[in-house]
Amino acid sequence: MSCVIPFRRGIWLLLCLASLAREGAVARAEVRVEICESGLDDKDAWPEMAPVATEFFSVPAFAIDQIPPKYVDDGIRGTRPSPSLVRLTGTVDFPSGKHRILIRARSAARLTLNGTLLVETPFAPKNGGDGSQADTERLVPLDLGRGYRFAPNGEYERIAEFETTGGPVDVKFEVFAGGREGKTPRRVEVGETVVAIAKSENDVWELLTPGPHGVRYTDADWAHYRDGLEKSLAERNAATRARLRENSADYWTPRRKEAESWLAATPEVTVPVPPAGFPIQTPIDNFIADRYATVKNQNRQRSPDKIDFFRDVSPLLESRCVDCHRGANAKGGFRLDRAEAARRGGESGPAFQAGVAESELMRRVTSHDPGEKMPPKGERLTSAEILVLDRWISEGASWPDLPLLRDSFTGPVDDAGFLRRLMLDTVGVPPTMGELGEFLADTRPDKRATWIDRLLDDPRWADHWMPLWQDMLAENPNILNPTLNNTGPFRWWLYESLRDDLPLDRMVTQLVLQRGGDREGGPAGFGEASQNDVPYAAKGAILSAAFLGVDLKCARCHDSPTGAFQQEQLFQIGALLAAKPLDVPATSSVDPAKLQTLGRTPLIRVTLAPGSHVEPKWPFPLFANPEVLTPLVRNPEDHRERLAALLTAPHNERFAQVLANHIWRHFMGRGIVEPVEDWEQGIPTHPELLRWLGRELVRGGYRVKSLSRLILNSAAYQRAVDPLLRTSDPLYAAPEPRRLSAEQIVDSLFAVSGKPFRTEALCLDLNGRRVTSNSIDLGTPRRAWMLASLSNERDRPSLSLPRLQAVADVLTALGWRGARQDPSFSRDASPNALQPAILANGVMMQWITRLSDDHGLTEFALREQPVETLVDNLFLRLLSRVPTPPERTRYTQWLSDGFATRRVANPVYETPAHVAPKFITWTNHLQPESDPAAQERIAAAQRGDSPTPRIEPNWRAHCEDAIWAILNSPEMLFRP
Amino acid sequence: MTSPLARRDLLKFSLAAAANALARPAWGEPSNTPPLGKAEHCILFWLGGGMAQVDTFDPKRLGDAHSKPSRSGSYYNSIETAVPGVRVTEHLAQTAKVMDRVTVVRTVNHRVVDEHAFATNLVHTGRTISGSTVYPSIGSIVAQQRGPVDPAVPAYMLIGIPNVSRGPGFLGAKHGFVYLTDTNSGPAGFSRPIDVDSQRVANRLALLEPTQQRFPSDSLPADYRSAQAEALRLSGPEFMRHFDLTQESGSIRQRYGGEFGQRCLLSRRLVQAGVRFIEVSHNLNFINGTGWDSHRSGQQQLHGLIQELDTALSALIEDLERQKLLDKTLIVVATEFGRPAAFDDGGGRGHQGSTFSLVLAGGGLRHQGAYGVTDDDCKEILENPVSIPDFHATIHAALGIDPRHELRDGARPVSITDGGIPIAKLLS
């Protein structure tokens with residue numbers, strides 16, 4: 001009998017060392033995996049000639065469940081030809097005897113030993129169709145005895161016997177990845193592709209490996225094995241991207257030089273000398289202090305018995321007047337959204353004069369004349385409102401630049417609060433106890449700066465930034481047929497760009513060029529908009545809002561009623577993105593008949609008639625002059641190239657400033673300009689700081705991390721929260737208690753509890769039978785951002801994904817949108833009853849508050865320690881702080897009862913039933929057995945995992961109650 | 001400690017007063033308001049997949065799915081109803097008897113691609129997608145316009161699987177639904193785990209209390225604390241008792257029939273509890289395999305689904321009438337599109353959005369049995385076409401909502417329906 005040791009991560013280490021030693025050659029102890037893209041046709045037949053490999057990598061055993069994405073161009077995901085062929089080869093030392101060999105593959109595969117075909121699987125049938133086929137596929141997979149890993153996704157399984165006298169055998173395992181339905185390709189994936197062996201007289205299945213260590217083919221060992229596979233492929237992928245990016249260095253190196261010369265040729269922003277007594281850590285603090293002092297001075301005459309502009313007047317103007325009296329097209333030429341313009345007045349002359357009771361403004365708001373009264377429609381102002389305006393004017397119409405929410409700055413946040421905040425803001429989860437302990441023990445004076453650098457280097461950085469980009473660019477993939485304004489899954493391109501800290505000018509250039517595989521995660525997926533009448537008008541609006549702060553949403557059907565922008569400009573940028581002229585359909589216009597109103601000029605105008613033909617043209621000469629382009633465009637004939645260059649050139653200061661504003665808001669809670677996507681409406685609170693930040697972004701090579709470092713090191717970022725602030729202070733005297741995003745909350749709950757984030761795969765075509773255009777596989781999420789809409793508008797229980805649904809329910813209640821049909825630049829953070837309800841009672845929280853064997857707090861609670869220490873540690877681990885005295889008393893008391901006897905000496909485990917999970921996916925979801933099977937799966941998700949038998953049940957319940965209470969405290973939802 | 005923000009404003013799912021202040025007449029002053037009904041509640045049945053109108057509410061000559069070639073027409077015989085001249089399929093025998101409380105709108109039509117998601121979205125929102133905003137579902141609009149009847153309960157509930165089309169769109173999460181997938185599970189989030197009894201809830205709250213008290217009142221975390229109190233109330237017996245169908249008599253439960261019927265019975269209880277809008281999914285697909293999406297073999301057992309619908313719909317009409325709630329409760333039977341009279345190669349039916357039937361019942365409307373006329377192939381509309389916006393406008397009008405009023409998507413006014421005109425004959 002051979003020696004089978006349980007699989008350990010060590011095997012991957014071993015392999016890496018072997019690879020280093022003999023790069024390029026097939027080490028004897030490893031399996032070489034080759035990908036062949038040519039020499040195959042769509043006939044579902046094995047090629048006569050062995051196809052040539054174009055890529056290869058190494059794995060420890062004849063087992064893969066993925067192949068790397070194909071990278072093209074400058075490091076973006078592309079499309080592999082479908083089908084491709086994957087070939088695994090290696091030399092295995094067989095003991096003598098008669099062995100059973102199992103092969104498992106999604107479609108056609110064949111195993112050849114010493115040149116002789118041993119066993120093969122057939123080509124998958126061409127029937128992705130309507131979901132009711134009862135083909136050869138089993139709802140229940142093959143069962144080869146206890147411990148045997150069931151085929152998870154309907155893979156074909158075949159068993160053969162192999163008898164040998166022992167010694168090395170050349171093993172070749174070839175599998176088809178993808179395939180075609182007619183001419184239409186399926187996804188180029190392999191599924192769980194395995195050769196396993198049960199050696200003579202043995203019922204233990206192992207992965208076939210040339211290496212010295214056997215790997216059992218059980219669920220647990222497979223999970224370790226594939227983790228290793230995923231990690232090693234992730235490294236390989238990063239290296240591939242870096243190598244491909246080198247190919248366009250000849251373009252980007254001069255671009256960097258161009259940015260440097262632009263910086264040198266344009267005047268620097270003067271960093272103000274701050275008034276004395278303000279904390280200064282980076283130049284940002286100079287701007288903040290200077291502005292604060294100015295506004296404080298403007299507000300010096302404030303008193304509680306006087307009308308206060310921001311408290312009394314501004315809300316009134318906002319709700320009753322500003323809708324029409326704002327922006328470049330303000331009605332009557334009169335703006336009430338800017339102090340200076342308001343004082344100047346409009347077509348009817350000055351509206352009011354400070355200190356003078358009689359005014360045009362008061363006359364109009366008190367008038368009953370239908371042609372003169374204000375507001376012209378709806379309820380009249382109340383007498384109280386009129387009195388407010390009247391008194392405000394009489395008292396001098398004071399209109400400071402900004403409200404003064406605090407009379408001083410708060411001091412720096414304490415260390416524990418700082419680390420929790422920093423980690424939530426950079427990597428999206430709170431510190432572990434180890435990290436917290438290390439940070440608190442660190443006595444270096446520059447420890448905050450050191451830890452900022454450390455977290456900027458943390459790969460989880462990309463996870464935390466994903467939601468912002470997904471929202472802003474309306475990333476909206478659907479795992480089933482693309483329908484409601486769905487895009488491709490360009491999340492993978494976003495993620496890899498963020499992970500690699502790709503400079504933003506380069507990233508936006510890739511986005512605009514829309515190359516790569518639209519269904520495989522390349523930026524081409526951004527250009528998709530299923531069932532949309534003018535996809536590129538929608539994309540043009542996204543691009544101009546996200547990167548220029550120009551809101552062209554209205555221009556989809558008519559000119560902006562308030563802004564300076566017209567419908568034509570949207571269609572021009574859309575045409576550039578489309579790289580062809582756009583026609584305006586009637587569905588993207590407003591029927592003039594509907595614009596007829598009584599007496600007054602309509603608020604909106606349609607300047608582009610349906611049927612108009614709009615040529616590609618840069619619509620914003622204001623931001624960048626097309627003449628600066630010449631050195632920056634590789635191919636001037638290419639509309640997308642031109643658009644990319646005009647958007648991202650250093651001369652386009654707006655671009656850098658808009659991006660700097662996004663980054664600033666991400667950390668500081670509000671943009672220097674708000675709304676961030678519509679700069680026509682907003683007044684910069686700190687115009688000089690904004691310019692400075694824009695230039696610093698350029699100076700830092702357009703890298704988000706470089707600008708983030710400046711912000712995170714500022715005193716402004718590091719101030720303590722003022723718990724009474726209800727909005728973000730535009731002067732940054734203190735942060736407010738800020739609600740965390742849905743993703744931060746969900747990720748934090750899993751992270752601090754240590755409960756594995758375990759869901760189904762986000763895919764309804766697990767066996768890859770549907771065509772790429774109709775089904776994608778978004779993988780098994782490990783962070784909240786990786787979820788997507790689960791909705792398929794079909795109401796079929798057999799298409800439900802209950803564990804994902806449980807997580808999505810929490811995310812949705814907290815403001816996440818699974819379907820992003822339109823871009824979003826801010827989330828609703830207001831509380832409602834569903835949020836605490838789903839956190840108190842929901843299915844996901846049941847998993848997180850039940851001490852199961854795989855729960856991170858189970859071992860933690862069993863550790864030898866006094867009960868007081870356990871309480872302290874629970875608070876430290878979950879909330880990054882020690883309990884307050886009342887908390888300590890109550891929790892200690894609660895957990896003392898039964899504490900000494902909590903450990904169960906000989907825990908009894910019920911032998912888990914060896915029952916194959918029922919396999920449900922698109923191809924069989926309409927079979928009558930599928931709905932009941934799905935109902936069982938839903939019930940299992942709702943039940944969650946069994947509690948651990950290692951802890952005495954009564955005390956376990958007490959401990960779970962304590963965990964529940966801490967995780968339900970409002971503190972879990974707020975940034976410290 | 002209470003927050004100075006009125007707790008109701010903060011926490012309620014939907015607030016009628018505030019919402020109505022925002023609703024303004026579309027495109028200037030309305031010249032004349034359409035007649036508005038007095039219904040207080042709406043129960044919308046969703047028949048996902050596309051109900052075949054020729055096999056249900058708009059029967060035609062009998063076809064033959066199995067002859068070669070197949071002959072188009074209804075799959076089942078039709079029968080007389082309580083309204084002379086209005087016929088329905090034989091499998092709607094119970095509904096036929098109360099047809100005078102029902103109007104089948106037989107001439108609903110949309111010209112979109114006959115694709116499930118797109119059509120489902122259109123029938124729920126009344127609009128096609130643009131990518132510049134997300135339109136709210138009719139449930140969310142009604143919830144936002146009128147709020148819950150009783151402020152202690154949600155305005156909008158769903159018995160079914162959450163999806164995008166049923167969502168609140170630009171109206172925001174507070175106008176979304178609270179959902180339960182079936183009558184065995186309570187509403188997601190509000191039903192307590194089985195192993196958490198009231199004693200354990202009390203224990204947990206005692207532990208939660210000191211952590212909540214770290215924040216001053218009038219702070220943002222204190223607002224959340226108030227939301228927690230509201231959630232606690234909704235997870236308690238006062239709200240949860242509505243979901244306990246064992247409180248109904250055995251005979252009434254039997255009258256409503258299978259799981260779909262039980263969902264309808266639960267809907268009636270929710271109406272009584274003060275919920276404004278309830279969407280009930282008829283997704284008992286195991287009955288025929290395909291559910292209402294009766295391609296090919298799905299046709300063979302379709303009558304199983306129809307009978308279940310018949311039992312539940314007629315029971316609900318009778319029960320509401322007995323409780324004096326029928327005039328106050330509009331029942332809508334909706335689906336994303338219909339199906340052609342011709343059969344596909346497997347003896348089932350494809351999709352047809354250009355002519356199909358949706359059904360209205362109760363709600364104080366002047367019912368006709370049927371409205372609108374289609375040709376013998378149920379392909380062309382002969383009289384009184386009704387667009388999706390018109391159908392929505394009729395629902396809104398029945399519920400006392402002027403369909404021309406405007407909602408606000410940020411600064412943008414969006415009228416409740418896209419130019420829909422209520423069916424005057426049902427409202428006058």
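Which residues of β9(B) are buried on one side, and which on the other? The views below, taken from a predicted model, begin with this strand.

**View 1. Strand β9 of chain B and its covered faces.** Strand β9 spans residues 329-334 of chain B, and 6 of its 6 residues are buried. One side of β9(B) carries B:Thr329, B:Ile331 and B:Val333, while B:Leu330, B:Val332 and B:Ala334 lie on the other. In a regular strand, side chains alternate between the two faces of the sheet.

**View 2. Strands paired with β9(B).** Strand β2 (residues 41-46) of chain B pairs with β9(B) in the parallel sense through 6 bridges. Within β9(B), B:Ile331 stands opposite B:Ile43. Strand β10 (residues 356-362) of chain B runs antiparallel to β9(B), joined to it by 4 bridges. There, B:Val359 of β10(B) is the bridge partner of B:Val333.

**View 3. Contact between domain 1 and domain 3 of chain A.** The domain assignment places domain 1 at 10-125 + 135-246 and domain 3 at 742-975 of chain A. Their centres, taken over C-alpha atoms, are 33 Å apart. Domain 1 and domain 3 of chain A each contribute 18 residues to the contact. On the domain 1 side, these comprise 6 nonpolar, 4 polar and 8 charged residues.

Definitions and conventions. Residues numbered from 1 in each chain as written. Chains lettered and ligands numbered in written order. Predicted model: local features only at pLDDT ≥ 70, side-chain atom pairs only at ≥ 80, totals over all residues. Domains from an automatic or database assignment. Contact = placed C-beta atoms within 7 Å. Nonpolar A, V, L, I, M, F, W, Y, C, P; charged D, E, K, R; others polar. Buried ≥ 20, exposed ≤ 12 C-beta atoms within 10 Å, placed from the backbone. Helix = DSSP H or I, 4+ residues; strand = E, 2+ residues; numbered from the N terminus. Pairing = 2+ DSSP bridges.
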